[in-house]
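Trainee: Could we go through this structure together? I would like to learn how the labels are given.

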Amino acid sequence: MQDLLAPREQEILGRVRDFLSTEVAPLADEHWAKAEFPFALIPKFGELNVAGLGFEECGGETPSSLLTGFLALEMARCDPSMSTFFGVHTGLAMGSIGACGSPEQRERWLPEMGRMDKIGAFALTEPHGGSDVALGLRTTARRDGGAWVLNGAKRWIGNGTFADYIVVWARDEDDGQVKGFVVEKGTPGFAATRIENKIALRTVQNADIVLSDCRVPEENRLAAAGSFKDTAGILRRTRSGVAWQAVGVMLAAYEIAREYAVQREQFGRPIAEFQLVQDLLVKILGNATSSLGMVVRLAQLQDSGQYRDEHSALAKAHCTTRMREAVGWARELMAGNGIVLDYGIGRFVADAEALYSYEGTREINTLIVGRAVTGHGAFV
């Protein structure tokens with residue numbers, strides 16, 4: 001599948017893969033265990049020159065959707081936490097500004113975000129719920145002269161504790177429409193508190209955010225974000241990225257389990273010689289390979305302009321379900337050694353639970369696909 005990439009894109013992917021193996025992988029378990037973010041890696045991420053891909057304002061190349069997908073895959077194959085950090089920054093935060101910002105806003109924010117001198121976050125989900133956010137968004141925005149006053153709360157906001165620019169979605173009290181605002185770090189009335197005691201994506205700094213009469217200038221309102229349809233357009237693109245992440249997790253599970261099987265001995269021989277162990281390996285590989293085929297086709301649909309909501313919804317629901325099976329089989333193959341960080345798979349088993357749920361649960365994505373294939377909505 002990687003051979004489908006153009007030579008230049010293969011070079012970019014190889015450079016990122018080398019960085020992940022030399023810089024990120026050695027730190028992944030330690031930071032995950034401590035629930036600490038490796039801030040020293042951010043400048044090194046910036047030197048890769050991949051955050052600004054696809055944004056004209058960053059002066060970068062325009063990548064194929066296939067390359068964008070493979071980058072998400074490779075990052076998740078190394079560390080799903082860092083893949084999530086990067087996806088929130090580039091796909092959700094930069095993606096919102098790129099799609100909904102005015103030319104002036106894009107020039108103002110995107111270049112420094114592309115260099116990763118400034119980090120972004122995306123604040124949509126709220127404490128009372130997530131799947132009903134289209135109709136149930138409670139955070140409000142009120143126009144007051146040359147500014148907007150935001151009030152409300154957000155939850156599960158990745159990068160939220162340290163991001164420089166937070167894209168906040170709020171409902172305009174005047175017309176009832178959902179609009180986007182870029183809240184800059186340090187703005188009075190904005191407070192972010194780290195969510196503690198997570199069992200998945202522990203390196204990611206998720207935040208509870210409270211907005212209390214938070215004043216945002218009119219020039220920080222995303223000019224082209226006038227309804228929830230604009231928000232949904234961002235999610236359609238990033239949802240496919242989670243499917244790619246799931247494939248990366250499955251490939252990591254396969255590689256870890258296979259290496260363990262050929263080295264671990266029981267009854268005087270490697271467990272790779274036992275039929276039931278081989279069965280588990282082949283099932284993991286089958287899940288990964290079939291899911292990779294699905295997301296590659298998804299990328300082709302994106303680049304050909306035939307991409308629809310139900311495509312990314314089906315890929316996200318299917319691939320994350322297959323991922324959940326795959327990491328479970330890898331853990332099963334490794335028995336007790338599969339539940340400790342020392343043998344590599346435990347972090348992926350835990351992180352898979354977060355990927356399975358975020359960017360739309362399996363149930364919600366199933367209903368999106370169900371509506372497309374039947375012509376009937378069954379959400380409520």
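Trainee: What makes Arg324 partly exposed?

Mentor: Arg324 has a relative accessible area of 36%. Buried means under 20% relative accessible area, exposed means over 50%, and partly exposed is in between, using a 1.4 Å probe and protein chains only. So Arg324 counts as partly exposed.

Trainee: Where do such values come from?

Mentor: This is a predicted model, where local features need pLDDT of at least 70, side-chain atom pairs count only at pLDDT 80 or more, and totals for chains, interfaces and linings use all residues. Residues are numbered from 1 along each chain as its sequence is written, and side-chain values use heavy atoms, with hydrogens and water left out.

Trainee: Why is the pair Glu353 and Arg324 called a salt bridge?

Mentor: A salt bridge is a side-chain nitrogen of Lys or Arg within 4 Å of a carboxyl oxygen of Asp or Glu. Helices here are DSSP runs of H or I with at least four residues, strands are runs of E with at least two, and both are numbered from the N terminus.

Trainee: Is Glu353 buried, partly exposed or exposed?

Mentor: Glu353 is partly exposed, because its relative accessible area is 32%.

Trainee: How many salt bridges does a search of the whole structure find?

Mentor: The search finds 27 salt bridges. One of them joins Glu57 to Arg106, with the closest N and O atoms 2.9 Å apart. Glu57 sits in the loop between helix H2 (41–47) and helix H3 (65–78), while Arg106 is in helix H5 (residues 103–114), 49 residues apart. Both Glu57 and Arg106 are buried.

Trainee: What about Arg308: which residue does its side chain meet in a salt bridge?

Mentor: Arg308 meets Glu310, at 2.7 Å from N to O. Arg308 is partly exposed, because its relative accessible area is 45%.

Trainee: How do you know that Gln205 is buried?

Mentor: Gln205 has a relative accessible area of 6%, so it is called buried. Gln205 is found in the loop between strand S6 (190–194) and S7.

Trainee: And why is Glu219 counted as partly exposed?

Mentor: Glu219 counts as partly exposed because its relative accessibility is 46%. Glu219 is placed in the loop between strand S7 (206–217) and helix H7 (228–263).
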